[in-house]
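Q: Hi! I have a structure open and would like to talk it through with you. Could we go over it piece by piece?

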Amino acid sequence: MLKKIELHGVLADKFGKHFGKHFELDVATPREACEALSYQIKGFRKFMKTAHDSGLFFAVFNDDKNIGPNEISQQTGASVIRIVPKIIGSGGDTLGILQVVAGAALIGAGFFTGNPGLVAAGAGMLLGGAATLLMPTPNIEPQDPSGNKPNYGYGGAVTSVKSGNCVPLQYGRGRIGGHLLGGMSVSEDT
């Protein structure tokens, strides 16, 4: 089934001049769509591979649903696949937007009333909101697919087993991190 592949932003500007801003391809996954475009458009593959060096990542949409990195290789029933450049650090946090708006309002109120304290407070709030918007959202507590978290108290190995998972048995010497079934830490004065 033909899917419409749309390029946005710098991709449309750079590669859509001669070909148009969208393509119709018979692909099953977004990864397959990118692979097909790299064979048809000279320089597309190189640009996509080196874009992160200049601070660009890409958001991919199946119709209007933004998909994650683990869904790139999954088959989609979407009729439109959109590839949209995203600058690193563009968090889009709602709190940051509110801070920018409130800061601008305080600056306006300070100028209207002639109060330099309101102007200074508004400028600080506006700059804080802008910094929040530019800061990337951290990825906290990574987990492997089975739900286990690394424990840095034991060298970073996954040392816990999620309820219901298998506990492997090992024979001989081990050179890898294993599952910690029980542990205790005691602090005492000496």
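This is a predicted model: local features need pLDDT of at least 70, side-chain atom pairs count only at pLDDT 80 or more; totals for chains, interfaces and linings use all residues.

Q: What span should α5 have, going by its residues?
A: Helix α5 covers residues 116-134, which is 19 residues, and at 1.5 Å a residue it should span 27 Å. Its end C-alpha atoms are 27 Å apart, which agrees.

Q: What caps the N-terminal end of α5?
A: Asn115 does. One of its side-chain oxygens lies 2.9 Å from the backbone nitrogen of Gly117.

Q: Switching to aromatics now. How many aromatic pairs are there?
A: The count comes to 2 aromatic pairs. In one of them, Phe15 and Phe44 sit edge-to-face, with 5.3 Å centre to centre and 70° between the planes.

Q: Which parts does that pair of Phe15 and Phe44 tie together?
A: Phe15 is in helix α1 (residues 9-15) and Phe44 is in helix α3 (residues 44-50), so the pair ties together parts that are 29 residues apart in sequence.

Q: Are Phe15 and Phe44 buried or exposed?
A: Both Phe15 and Phe44 are buried.

Q: And why is the pair of Phe15 and Phe47 called edge-to-face?
A: The ring centres of Phe15 and Phe47 are 5.6 Å apart and the planes are at 70°, so this pair counts as edge-to-face. The cut-off for that label is planes over 60 degrees apart. Phe15 lies in helix α1 and Phe47 in helix α3, so this pair ties together parts 32 residues apart in sequence.

Q: How accessible is Phe47?
A: Phe47 has 16% relative accessibility and counts as buried. Phe15 is buried too, with a relative accessible area of 6%. Phe15, Phe44 and Phe47 form one aromatic cluster.

Q: What about Tyr39, what sits over its ring?
A: That would be the charged end of Arg45, 5.2 Å from the centre of the Tyr39 ring.

Q: Let's look at the strands. How do β3 and β4 run, and how many bridges join them?
A: Strand β3 (residues 56-62) and strand β4 (residues 65-67) run antiparallel, and 3 bridges join them. To pick out a partner, Val60 is bridged to Ile67 in β4.

Q: How many residues are between β3 and β4 in the hairpin?
A: There are 2 residues between them, and Asp63 is in the turn.

Q: What stands out about phi in Asp63?
A: Phi of Asp63 is near 55°, a positive value in a residue other than glycine. For background, most residues other than glycine have a negative phi. Asp63 is partly exposed, with a relative accessible area of 30%.

Q: Last one: which side chain does Thr76 contact?
A: The side chain of Thr76 makes a polar contact of 3.3 Å with that of Asn62. Thr76 is in the loop between β4 and β5 (80-87), and at 14% relative accessibility Thr76 counts as buried.

Definitions and conventions:
Residues are numbered from 1 along each chain as its sequence is written. Side-chain values use heavy atoms; hydrogens and water are left out. Helices (H or I, at least four residues) and strands (E, at least two) are DSSP runs, numbered from the N terminus. The expected span of a helix is 1.5 Å times one less than its number of residues. A polar contact is a pair of N or O atoms within 3.5 Å; within protein, one must be able to donate a hydrogen and the other to accept it, and residues adjacent in sequence count only if both atoms are side-chain atoms. Two strands pair if DSSP finds at least two bridges between them. Rings of Phe, Tyr and Trp (its six-membered ring) pair if their centres lie within 6.5 Å; planes under 30 degrees apart count as stacked, over 60 as edge-to-face and the rest as tilted. Buried means under 20% relative accessible area, exposed over 50%, partly exposed in between (1.4 Å probe, protein chains only). A charge sits over a ring if NZ of Lys or CZ of Arg is within 6 Å of the ring centre and within 35 degrees of the ring normal.
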